[in-house]
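This briefing walks through one protein model, from its overall layout to individual strands, a helix and a core. Please keep the sequence and the 3D view open while reading.

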Amino acid sequence: MRRRPQADVELTPLIDVLFILIIFFVLTASFVQGQIPVDLPDGRGNPPEEKGITVTISHDGTIYWDDSPVEKDELIVIAKEAIAAGRSLILTADRSIPYGDVATLLDRMRENGITTIGLGLKGTEP
């Protein structure tokens, strides 16, 4: 009885291709994060001197701290810590959010000692 030669399958190129695909998807997913769709109101102002921490109120009323959803009480605590560490805060809110909701949040922050917060606006040409 004669043995037929068996073909060997090389796994190294397959592993290399899979590794590159994993890297591609991980990098792609990291670029997609941090994009909360917000339709900002129009306005003009001075751009911030440094990039601050963004507090966002989305169209459905969810509050985000740098792209992570937070509750109002939690927001006050971490905002106070950020201000104490010398960071600046920028509040951005979707134009569909009632003005009273934004004012209430700002007032609550002021009551808790957070008095320096900027408002994010969609820039317009002069």
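Two strands are said to pair if DSSP finds at least two bridges between them. In this predicted model, β2 and β5 meet that condition, pairing in the parallel sense over five bridges.

**Overall layout**

- The protein contains three helices and seven strands.
- Along the sequence, these elements come in the order α-β-β-β-β-α-β-α-β-β.
- Of its 126 residues, 22% count as buried.
- Among contacts between residues at least 6 apart in sequence, 70% join residues at least 24 apart.

- Strand β2 covers residues 53-57, and four of its five residues are buried.

- Is T56 buried or exposed? With a relative accessible area of 7%, T56 falls under the 20% cut-off and is therefore buried.
- T56 has Y64 of β3 as its bridge partner.
- The side chain of T56 also makes a polar contact with the side chain of T92, at 3.1 Å.

**Strand β5**

- Five of the five residues of β5 are buried, so this strand is largely enclosed by the rest of the structure.
- In a regular strand the side chains alternate between the two faces of the sheet.
- Both faces of β5 are covered: L89, L91 and A93 are buried on one side, and I90 and T92 are buried on the other.
- β5 runs parallel to β6, and three bridges join the two strands.
- In that pairing, L89 stands opposite I117 of β6.

**Helix α3**

- Helix α3 spans residues 99-111. Its 13 residues, at 1.5 Å a residue, should span 18 Å, and the end C-alpha atoms are 18 Å apart, so the two values agree.
- Which residues of α3 are buried? V102, L105 and M109 are buried in this helix. They cover an arc of only 65° around the axis, which puts them on the same side of α3.
- The buried residues of α3 are covered by elements that include β2, β3 (63-65), α2 (72-84), β5 (89-93) and β6 (117-119).
- On the face turned away from the buried side, α3 carries the exposed residues Y99, R110 and E111.
- After α3 comes G113, with a positive phi near 90°.

- In soluble globular proteins, nonpolar side chains tend to be buried together.
- The largest nonpolar core in this model has 18 residues, and those with the most contacts inside it are I57, I63, W65, L75, L89, L105 and M109. β2, β3, α2, β5 and α3 each supply at least two residues of this core. α2 gives the most, with four residues.

**I57 and L105**

- L105 lies in helix α3. At 3% relative accessibility, L105 is under the 20% cut-off and so counts as buried.
- How far apart are L105 and I57 in sequence and in space? They are separated by 48 residues in sequence and by 9.9 Å from C-alpha to C-alpha.
- Leaving out residues up to four places away in sequence, L105 touches I57, I63, K72, L75 and L91.
- With the same exclusion of residues up to four places away, I57 touches T62, I63, L91, T92, A93, D94, I97, V102 and L105.

Note on methods
Residues are numbered from 1 along each chain as its sequence is written. This is a predicted model: local features need pLDDT of at least 70, side-chain atom pairs count only at pLDDT 80 or more; totals for chains, interfaces and linings use all residues. Side-chain values use heavy atoms; hydrogens and water are left out. Buried means under 20% relative accessible area, exposed over 50%, partly exposed in between (1.4 Å probe, protein chains only). A polar contact is a pair of N or O atoms within 3.5 Å; within protein, one must be able to donate a hydrogen and the other to accept it, and residues adjacent in sequence count only if both atoms are side-chain atoms. The expected span of a helix is 1.5 Å times one less than its number of residues. The arc is that of the directions from the helix axis to the C-beta atoms. Contact means heavy atoms within 4.5 Å. A nonpolar core is a set of buried Ala, Val, Leu, Ile, Met, Phe, Trp, Tyr and Cys residues joined through side-chain atoms within 4.5 Å.
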